[in-house]
Amino acid sequence: MAVPDVIVIGGGVTGLSAAHQVALRGARVTCLEADLFGGLVANVGVLEGFPAAAADSGAGLADALVVAATDAGVDFVAEPALAIDPAGGVVTTGSGTHRGGRLIIATGARLRPLDVPGAAELAGKGVSQCAFCDGGLYKNQEVVVVGGGDAALQEALHLARFCAKVTVVHRGRRLRARRSYVERAANHQRLAFRWQTAIEEIEGDGGVEGVRVRNMADRATEVIPCRAVFPFIGLEPNADILPAGVARDSRGFVETGPTLETSLTGVFAAGAVRVGFPGQLANALGDGTAAAIAALAS
Ligand SMILES: Cc1cc2nc3c(=O)[nH]c(=O)nc-3n(C[C@H](O)[C@H](O)[C@H](O)COP(=O)(O)OP(=O)(O)OC[C@H]3O[C@@H](n4cnc5c(N)ncnc54)[C@H](O)[C@@H]3O)c2cc1C
């Protein structure tokens with residue numbers, strides 16, 4: 001039986017892993033990436049929970065995966081997929097079409113923006129979703145991080161190395177982050193927490209000057225002075241290119257069966273774009289491998 005060609009959409013850790021594994025098994029594979037290879041961790045300076053001495057940063061991991069995949073024969077295309085035709089395994093980009101027998105959707109997810117007055121107006125003027133990229137601009141200044149999960153704590157701990165004060169504003173009563181982050185945060189002198197607190201507005205004229213917050217228990221409001229706000233309040237899927245009929249959950253993440261096949265025959269979804277993805281880089285590598293094996297077997 002002929003080995004099918006495969007197109008992988010997305011060059012994050014999942015997509016790079018999938019493309020590499022397909023190529024290692026002797027099939028032709030094209031991997032399309034819209035932006036930065038490495039995806040969500042492309043700008044993460046220090047990876048956590050990923051035991052690979054050769055790649056302790058997101059960029060380092062992406063480089064290592066791209067080199068391995070290139071050596072194995074992956075054809076990389078630095079262009080977004082604009083549309084797919086699942087029946088023919090055809091993917092359209094700005095410069096043409098790519099044909100593959102199987103499609104692996106590894107388009108991941110994006111950080112959810114904070115939807116309060118001031119957030120859009122001050123984006124890039126103090127509102128940022130990359131502490132590793134923009135944090136250095138706020139050395140010795142006060143900043144706010146929004147959220148209580150791994151990403152929020154990872155970025156808050158990074159900022160606390162050089163910012164005067166980092167206030168973590170979290171709607172919950174306790175952090176959802178891994179224990180190592182919680183322990184490091186609890187003992188950090190430059191980290192402060194506002195529990196059960198929601199951001200109502202980001203204030204500032206041409207730059208961030210503070211955030212107005214409301215305590216959800218006693219309804220009291222206050223303004224926390226700060227020069228930057230870093231929201232890490234969850235993810236939303238990059239699934240717009242999939243046909244409307246593909247099964248998704250209420251938040252838009254793609255449903256898959258046990259082999260990571262979607263409701264469309266021959267179309268697989270892996271990594272942060274799918275329902276039930278456990279969230280870590282180790283899972284992304286595993287998902288990519290599983291999707292590659294399943295796509296080739298289908
Ligand atoms: C701030 C932050 C820090 C994190 N740090 C860690 C950590 O230290 N350790 C850890 O284990 N996990 C970490 N994670 C989790 C980790 O990022 C995810 O598990 C992993 O990135 C998921 O990989 P992915 O390839 O599925 O998705 P993504 O990383 O989202 O990659 C998807 C890729 O697809 C591309 N794409 C989207 N649409 C298209 C299109 N139409 N055409 C072509 N390409 C497209 C995107 O540009 C992107 O590059 C972190 C997450 C965040 C948000």
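Tutor: Start with Ser57, which is found in the loop between E2 and helix H2 (58–72). Helices (H or I, at least four residues) and strands (E, at least two) are DSSP runs, numbered from the N terminus. This is a predicted model: local features need pLDDT of at least 70, side-chain atom pairs count only at pLDDT 80 or more, and totals for chains, interfaces and linings use all residues. Residues are numbered from 1 along each chain as its sequence is written, and side-chain values use heavy atoms, with hydrogens and water left out.

Ser57 counts as buried, at 18% relative accessibility. The cut-offs are under 20% relative accessible area for buried and over 50% for exposed, with partly exposed in between (1.4 Å probe, protein chains only). Neighbours within four places in sequence aside, Ser57 is in contact (heavy atoms within 4.5 Å) with Val44, Gly45 and Leu47.

Now step to helix H1, which holds His20. His20 is buried too, with a relative accessible area of 17%. Beyond its neighbours within four places in sequence, His20 is in contact with Ala68, Ala69, Ala72 and Val74. Helix H1 (residues 13–24) lies across E1, strand E2 (29–32), E3 and E7. It runs at about 170 degrees to E2. Such angles run from 0 to 180 degrees between N-to-C directions; the axes are lines fitted to C-alpha atoms, for helices over the stretch in contact. Helix H6 (residues 281–297) lies across E1, E7 and E17, at about 160 degrees to E7.

Two strands pair if DSSP finds at least two bridges between them. Five strands form an open sheet, ordered E3-E2-E1-E7-E17, with parallel pairing. Strand E3 (75–77) and strand E17 (267–269) are its edges, each pairing on one side only. Neighbouring strands here are turned by 20 degrees against each other on average, direction ignored. Strand E1 (residues 6–9) and strand E7 (residues 102–105) run parallel and are joined by four bridges. Val6 has Arg102 in E7 as its bridge partner.

Salt bridges come next. A salt bridge is a side-chain nitrogen of Lys or Arg within 4 Å of a carboxyl oxygen of Asp or Glu. The whole structure has ten of them. One joins Asp5 to Arg28, with the closest N and O atoms 2.9 Å apart. Asp5 lies in the segment before E1 and Arg28 in the loop between H1 and E2, so the pair ties together parts that are 23 residues apart in sequence. Arg28 is exposed, at a relative accessible area of 61%. Another salt bridge joins Asp287 and Arg274 (2.6 Å, N to O). Asp287 sits in helix H6 and Arg274 in the loop between E17 and H6, so parts 13 residues apart in sequence are tied together. Asp287 is buried, with 8% relative accessible area. Arg274 also counts as buried, at 13% relative accessibility.

Now the domains. The protein is divided into domain 1 (6–111 + 235–297) and domain 2 (131–231); these bounds come from an automatic or database domain assignment. Their C-alpha centres lie 32 Å apart. Eight residues from domain 1 and eight residues from domain 2 take part in the contact. The area buried between domain 1 and domain 2 is about 630 Å², and carbon and sulfur atoms give 47% of it. Buried area here is the accessible area (1.4 Å probe) that two parts lose on being put together, summed over both. The count between domain 1 and domain 2 is one salt bridge. Arg184 and Glu48 also meet through their side chains in a salt bridge (3.4 Å, N to O).

Finish with two other groups of strands. Three strands form an open sheet in the order E12-E13-E14, with antiparallel pairing. Strand E12 (197–203) and strand E14 (221–225) each have a single partner strand, so one side of each is left without a neighbour in the sheet. The twist averages 30 degrees from one strand to the next. E12 pairs with strand E13 (residues 210–215) over six bridges. Ile202 stands opposite Val211 in E13. Strand E9 (residues 142–146) is largely enclosed by the rest of the structure, because four of its five residues are buried. Five bridges join E9 to strand E10 (residues 165–169), and the two run parallel. There, Val145 has Val168 in E10 as its bridge partner.
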